[in-house]
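Q: Hi! Could you walk me through this structure in simple words?
A: Happy to. Here it is, and then ask away.

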Amino acid sequence: PCINLDADWQSTLIAAVADYKASLANGAEAEALLDVIGQVRILCAVRGGEHGVEAINRLLAETVLGAGVNPGHPQDGLPFIIRSNDKALGLANGDCGIFRADESGELLAYLPPSVSGGEPRQFNPFALPDWEAAFALTIHKSQGSEYQSVVVVLPEMKRKFITWELVYTAITRGKQQVALVLPEALLGQPLERVQRRSGLRQELLELQ
C-alpha cells in the first residue's frame with residue numbers, strides 16, 4: 001500500500017510500533033522486545049526535516065515512552081542503533097538493541113546474541129560507543145538487514161536523491177510487507193538512476 005504524506009501519515013508510523021508499545025506495557029523482557037522490534041522497521045530517505053529519521057524517532061519515542069521523552073538519552077524501552085565500531089566490546093556500526101531495566105531496576109543495553117540460540121548480550125548503557133534512537137533508521141543504515149515488514153518514508157523530491165537504487169534497497173528490506181509513505185507528487189514519477197561518476201553517490205552517503 002501507498003500512504004500520502006498529505007493525509008494522516010503519522011498514524012501509519014504509530015501503528016507500526018503498536019505491538020512493541022503493547023509488549024513494553026505488558027512487561028515483556030528484553031529478549032522478547034528485541035524480537036518484536038526486529039519484526040518491523042521504519043526506513044527514512046533522509047535524517048532531517050519533518051519526514052526524516054530524527055523527527056520520526058522523536059515522535060515515536062513520545063508515542064511509546066511518554067510525552068517529553070528525550071530519545072538521545074538511555075531510557076527503559078528505547079531501541080537504539082550503534083553508530084561506530086568498538087572492537088573491545090564486540091560492537092559494530094549498525095548493530096541494533098534496546099535499553100531495558102532489569103528486575104532490580106538497573107538500566108542495561110541489550111543486543112541480540114552473537115550466536116544463534118544464545119542469550120542477549122548485556123552492556124552498561126554509558127559504556128556504549130556512539131548510538132542513536134532506532135524506531136526509525138535511514139535506508140542506508142538498514143542495508144544488510146531484513147525485517148518482516150518495513151514502512152518506507154519518502155519526502156518531497158526537492159533534490160534528485162530519491163533514486164531507483166535507494167527505493168529498491170528500502171523495499172527489499174521487507175520480507176513480507178512493505179508500505180510506502182510518500183507525497184502524491186511522487187506517484188507515477190520516474191526514478192533517477194545513480195550515475196557512478198556524477199558525485200551523486202557520495203552526496204547520498206553524506207545525507208545519511
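A: One term to begin with: two strands pair if DSSP finds at least two bridges between them. Strands (E, at least two residues) and helices (H or I, at least four) are DSSP runs, numbered from the N terminus.
Q: Before we go on, what kind of model is it?
A: It is a predicted model, where local features need pLDDT of at least 70 and side-chain atom pairs count only at pLDDT 80 or more, while totals for chains, interfaces and linings use all residues. Residues are numbered from 1 along each chain as its sequence is written, and side-chain values use heavy atoms, leaving out hydrogens and water.
Q: Ok, what's the bridge partner of Ile81 in β4?
A: That's Cys96. Strand β3 (residues 79–82) and β4 run antiparallel, joined by three bridges.
Q: And how many bridges link β4 and β5?
A: Four, again in the antiparallel sense. Phe99 stands opposite Ala109 in β5.
Q: What about the hairpin of β4 and β5, which residue has a positive phi?
A: Gly105, with phi near 95°; five residues lie between the strands.
Q: Is β4 mostly covered or open?
A: Mostly covered: five of the six residues in β4 (residues 96–101) are buried, meaning under 20% relative accessible area with a 1.4 Å probe, protein chains only.
Q: New topic: where is Asn57?
A: Asn57 sits in helix α4 (residues 53–65).
Q: Buried or exposed?
A: Asn57 is buried, at 6% relative accessible area.
Q: What does Asn57 touch?
A: Leaving aside residues up to four places away in sequence, Asn57 touches Pro71, Ala133, Ala134, Phe135 and Ala136; contact means heavy atoms within 4.5 Å.

Notes:
Buried means under 20% relative accessible area, exposed over 50%, partly exposed in between (1.4 Å probe, protein chains only).
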